[in-house]
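Subject: Helix packing notes

Hi,

Here is the structure I promised to hand over. My notes on what turned up follow below.

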Amino acid sequence: MKTFNNSTSLAIETLCTWLGNHAEQFRPSPGEGLNSFDHLKPLGEFILILYSFSGNSNKIAHQSAHTWAADMGNILEKPLSELCHNINWGKLPDCGIKNQFLLSSLLIFPAHNALTGKSLVPISTIARLLSSPNLALAIYTINLELAFAQDIAGLGSCHELMQSELILFLDKSGDKDLLNSEVYKLTHLIFFATKMGFRELALPQSYRPILKNKLTKALALKMKQQNFDLLSELLMCMNWINYTNLPIYEQALQYLSETIILNGCKALNIQMQSDNQCSNFRYIYHTALVALAALGHSPYHKY
């Protein structure tokens, strides 16, 4: 198995340290009303990345990331329990129906359950909410997220839906370079289809070269643009669909690792507008999370 002079492992340690030091900022805001779910978005994304490292994953994860994720899941149990008690579950389906962050909040509990084995909310409660007719009235993109949320909660696989959407995307996108929004859609269809690495992508053979070409071209472009957020999401996808033996994959992985080692997590800032923002949590946390998944699920590391 290849290693990059242990750079991947060192970068993982740097990311885990930064995320651990900022764990308090992922906690839900106790004063926020339930008509606004945006304050739960960072926590939902954090839990979902931790979930990808849970013990039931069928992908080989870096042992330190796996152990750290389990520890963080236990640390988050208390604030999540407090959140449970502060939510009016009976009124929740009518709160912010078309707010995408509502689905992020509903993902938190089944994903945490899979990570730790501790059920903070009865699955029947989550099932009732995710089956609410009101949620089906949400906009189309949220319907994909709803199907994924139902999948995480064990209410039915979304694989066929996501595979169909992925084929449709590949048919429509042609040979042009993808816009950032299109790369984002592509990576999330793969996240949903593979259930964050828990299952194989059963894509028809005729579409595999097309998908590989899309991913490699986008990866090369994001590396050139120093867009570490989308670069990391693309690496995550390539980990989970076994496209890791490609030169561009290895180059991007090494580039990401060495950038983090040399410059720390501030190098992952998605809005480098001023020195004051270099260490701003909200501009770094998402890229730090996806970079951890990109490196932690890569086959190129030392234990």
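Axes here are lines fitted to C-alpha atoms, for helices over the stretch in contact, and angles run from 0 to 180 degrees between N-to-C directions. The crossing is left-handed, that is, the near helix is turned anticlockwise from the far one by less than a right angle (clockwise would be right-handed).

Before the rest, the ground rules. This is a predicted model: local features need pLDDT of at least 70, side-chain atom pairs count only at pLDDT 80 or more, and totals for chains, interfaces and linings use all residues. Residues are numbered from 1 along each chain as its sequence is written, and side-chain values use heavy atoms, with hydrogens and water left out.

**H11 against H13**

From H11, the contact uses Phe-228, Asp-229, Ser-232, Glu-233, Leu-235, Met-236 and Asn-239. From H13, the partners are His-286, Thr-287, Val-290, Ala-291, Ala-293 and Ala-294. Contact means heavy atoms within 4.5 Å. These residues divide into 7 nonpolar, 4 polar and 2 charged. Nonpolar covers Ala, Val, Leu, Ile, Met, Phe, Trp, Tyr, Cys and Pro; charged covers Asp, Glu, Lys and Arg; the others, Gly among them, are polar.

His-286 deserves a look. His-286 is buried, at a relative accessible area of 19%. The cut-off for buried is under 20%, with exposed over 50% and partly exposed in between (1.4 Å probe, protein chains only). Setting aside neighbours within four places in sequence, His-286 touches Glu-45, Asp-229 and Glu-233.

**The chain overall**

The chain has 13 helices and 0 strands. Both kinds of element are DSSP runs, numbered from the N terminus (helices H or I, at least four residues; strands E, at least two). Of the 303 residues, 57% count as buried. Take contacts between residues at least 6 apart in sequence: 74% of them join residues at least 24 apart.

**H1 against H3**

H1 (residues 7-21) and H3 (residues 63-75) have axes that come within 10 Å and cross at roughly 15 degrees. H1 and H3 are therefore roughly parallel. H1 passes H3 in a right-handed crossing. H1 brings Ile-12, Cys-16, Leu-19 and Gly-20 to the contact, and H3 brings Ser-64, Ala-65 and Trp-68.

H8 (residues 159-173) has 15 residues. From first C-alpha to last, H8 reaches 21 Å, close to the 21 Å expected at 1.5 Å a residue; the expected span is 1.5 Å times one less than the number of residues. Buried residues in H8 include His-159, Met-162, Phe-169 and Leu-170. Just after H8, Gly-174 takes a positive phi of about 65 degrees.

H8 packs with H10 (residues 208-225) at about 70 degrees, with axes 11 Å apart. H8 and H10 are therefore roughly perpendicular. H8 passes H10 in a left-handed crossing. Leu-166, Leu-170 and Ser-173 of H8 meet Ile-210, Leu-211 and Lys-214 of H10. That contact divides into 4 nonpolar, 1 polar and 1 charged.

Best wishes

Methods
Parallel < 35°, antiparallel > 145°, perpendicular 65-115°, else oblique.
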